[in-house]
Every structure is written in C-alpha cells, then in structure tokens.
Amino acid sequence: MKRPNILILHTDQQRFDALGANGNRIIKTPNLDRLAAEGVNYSRCFVQNPVCMPSRISAMTGQYCSSLGITRMGVPVPQDTLTIQKILKGYGYDTALIGKLHYLPHANRDHSWPHPSYDFNHMELSDEPGCYEDAYRAFVARKAPDQLDLISLGLPPAAKVWQETMNFRDGIKHPENRTSSNCGAFPGRSDCTHTAFVGEQTIEYLKKQAAGSRPFFCFSGFYSPHSPCITPQEFIDLYPADQMPVPHLPQNFNGGHPADFLQTAQKFSSCYYAMISEVDAWAGRILDALDQSGLADDTIVVFTSDHGEWLGEHLKYGKGYWAPDIVSRVPMIYRIPKALGGVSGLSSDEIVECVDIVPTLLNLCAIPIAPCIQGRVLPVAAGCAADDGCGAGDGCGLTEMEGWRSLRSDKYRYVAGPDNAEMLFDLNSDPYEYENVARSASYRDALHEMRGLLIRRMIRIEHSMERSWVY
C-alpha cells in the first residue's frame, strides 16, 4: 500500500475570521477559499494554547499542553518528543520543515549553528524574518544580497538583550522600536519576503519529491500574519485603511480609547489582511505546483494556524489571556485525495481542536495511533467515522496556559483564571467577549455547567507515563 503525502500550510497568528471561506467579505483569499471548496472546512477549530511555542508542539503531537508539560513560552521541546514527523519517519516518510517551527526559544542563540533535527530529514528553518543568520537570510544572500539590510522586522527585545550581552554582531541593520502594533510596507523586493522564502522553497521541495519513491511530510511554516505587520505595498493597496472595519468596542470601554485608536486599528488591519493575501498568493502557487508535478492526487493538504490576533479588540494587539474566539479560534481546512475518500465543499461548524490533526492524519495513512495521542479522528473523508479522543463527547474546545484554563462550548466560554478568578461569556449575545456574566444570577446554571465540563475535561486528559507491568 502506498501511503499518501502530507503537506501542512501553517500560518502564525491568523484568526478564524480572516479568511473568505469563513465569511469575511473584505479579505481576498481566493486560493485558500479554493482549498476549502475542494475539501472540508472546520469553521470552529480551537488551539490548545494562545501563544506560539506550546500551541505548535501540542498540534504536532496530538497532546494537550498540560500533558506535555509545556504550557508557556520559552520551554524547549525535548528532542525525544513523539511528534507526527517522528512517527511518519519510522514508516519511511521523507520529512521536511520549511520556515517557522519554534520548538526552541530563538532569542538567546546563534542561528548559524545547526538546529536539532526533531526528526526532519530536510530542514530550512527560520523562526523570525531577517532577525538571525538562518535559512531565510541565506536564501536572500544567495538570491539578492543587496536586500539583506531590508528584510529584518527588528530584533525581538530579548534577542537584542542577548546580542548586547554576548557582544554578538551580525552586520545587519535592524529597525528600532519594534512593537506588536508596528505595520507598514516591506522595504525590499517582493520576492525576498519571508513568505516568498517559504513559498519558493516549498515549491522547490515538491519538485524534487515528484521524482521520488518515498511518501513525504512537509510542514511549511509561514511567519505571516504575525506582527510586526510588514508586507509588500501591492498587497496593502488591496485594503485602503479608511475602508477597513473597526474593533467592536462598547461605548466608554475602559474609560474610552485614544482619539486616533480606531484609525490606527484600521491601518493595522489593512496590513494584517495584506499579509494573509500574500500568503494566499503563495499558497496558490504551491497548490499549482502540486498539480503540475502530479502530486495532488496523492497528497493530503492541511491549512491552519497556531492562534489568532486581538486586532484592536479590547484595545489590544497580539494574543494571550483569556483566549477569546479571536485569539483561540483558527482556520482549519483538510483537502483529502479522492483515493482516500476525500469529499469536497463540506463546511462544518462542529467544535474541533488542533490536537485532532495528528490522529486524523495517522488514520488516513493507516498508521496506528499511539495511546499518548489525545486528539480524535475527524470524519474528513467518506466512510471515516469520528473516533473517540480525550475531548470527544463534550463538544468543547480547551485552551490551556500556565495558571489558567479556558473552555469553549457551543454557547459559552468559561475561564478559570489566576487568584480564583472566573469569567463566563455568552457568545450568542456577546461574540467578542466584553461582558463577564459569571456573577449574574441569570447565568448561575450555565456557570455551574461550564465548571463541571472543565473539571471533567481536565480529569479526562490526565496523562500518566506508561507502566511496564502490574506491580
């Protein structure tokens, strides 16, 4: 039996509603919309952590963050962690990483040193655009060396401290005053962006695989639309700032907001949408490359992200506590080859989770699902029934981080936070989660129900080490 290839197209910080297929009438994502039309689109998919590192390793292992012991940023992923690429490699797959992985903290090291392989045979790693001496910078140095001083988005604050402490100099100009709300036009050539690097190198990898006999697993990690929102002007031109939507701020929220806040939010949204449209353009080229190489009929394609973006809601940018829908809900598309029973044009509003990716893919590849994998098999192909997992049965999405938990049901979000704090949001009447109704008498039964659901979920995902035999 020939097992299918797997291609994961993965963005960073893309919220669920920043996609045409999910009802956004402003954003231009024709290629990703095409992917959704050719596959199964889950419009209510939730990540297991609201920040990059723990969310990514949870998705790539099919295990909840608390089971992995990785609930916050800065925890290096142990190299023996049972990831999907480790499992597939054992079944003869060629495994590739192109772009962002983020299994290690990236601010406190020299990126010219080889990175641990994490069971990838082929690795072109770049966790941040232009900040480090990595595969992206090598790509630009080979392609257009005159662009090297134009590709950095600015050093992350911790990286700047490390470089100054270690007296490390890379000879590259880095923009100053980087913040999470920075946005604007990419100053270099459009074919030298980080997105272009990921797209072009993914296409090159696919061309080589067309002549091979082994199945492949390729994880293409786009940095966009993570802030700072810097992207070529031609994509920004698609979204005039004064025509962009504004955040849904209640009147006098937090005592009001700066006079120019809404205009700033519109400009940021323009660049954020533009970054997604740039990814979409390259996604289209990648899908075309699959078609032209004859690989499309044998390749499962998954598109998703690691978390969302506040985008000015609650006067915030970025991501984090308490993981409302705009932070914890992401796009999720599966396109399955017809030979595996793939169906097209199916849209589901069932609540699913990113931990479901690994067991779903292993099931399609006829590979046993290890007992430590906690997600469930999703019915993404004809004749493929939903399987049981740690989250199945309660219809909820769990997002964890150190010190708090957030549980999303069909109607409510319940948050058990620090210092015994509780929050409850009625998502039917308050989809952007501005009014905490946990203390409202009319929501007492709902509060008790959500408490019970969270307790039962946490008990269900308890994960002990394997025992060797009875005592």
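**Arginine 34 and glutamate 38**

Arginine 34 is partly exposed, with a relative accessible area of 22%. Partly exposed means between buried (under 20% relative accessible area) and exposed (over 50%), using a 1.4 Å probe and protein chains only. Glutamate 38 is partly exposed too, at 31%. The side chains of these two residues, arginine 34 and glutamate 38, form a salt bridge, with N to O at 3.4 Å. A salt bridge is a side-chain nitrogen of Lys or Arg within 4 Å of a carboxyl oxygen of Asp or Glu.

**About the model**

This is a predicted model, in which local features need pLDDT of at least 70, side-chain atom pairs count only at pLDDT 80 or more, and totals for chains, interfaces and linings use all residues. Residues are numbered from 1 along each chain as its sequence is written, and side-chain values use heavy atoms, leaving out hydrogens and water.

**Other salt bridges**

The structure holds 30 salt bridges. One of them joins aspartate 127 to arginine 109, with the closest N and O atoms 3.7 Å apart. This pair links distant parts of the chain, 18 residues apart. Aspartate 127 sits in the loop between strand 4 (122-125) and helix 5 (135-143). Arginine 109 sits in the loop between strand 3 (94-99) and strand 4. Helices (H or I, at least four residues) and strands (E, at least two) are DSSP runs, numbered from the N terminus. Aspartate 127 is buried, at 1% relative accessibility. Arginine 109 also counts as buried, at 17%.

Glutamate 133 and arginine 137 form another salt bridge, at 3.3 Å from N to O. Glutamate 133 is partly exposed, at 37%, whereas arginine 137 is buried, at 1%. Elsewhere, shared partners join salt bridges into one network of Arg34, Glu38, Asp288, Asp291 and Arg335.

Contact means heavy atoms within 4.5 Å. Helix 7 contributes residues including Thr195, Gly199, Ile203 and Leu206. Helix 9 contributes residues including Val279, Trp282, Arg285 and Leu290. By class, the contact has eight nonpolar, three polar and three charged residues. Nonpolar covers Ala, Val, Leu, Ile, Met, Phe, Trp, Tyr, Cys and Pro; charged covers Asp, Glu, Lys and Arg; the others, Gly among them, are polar.
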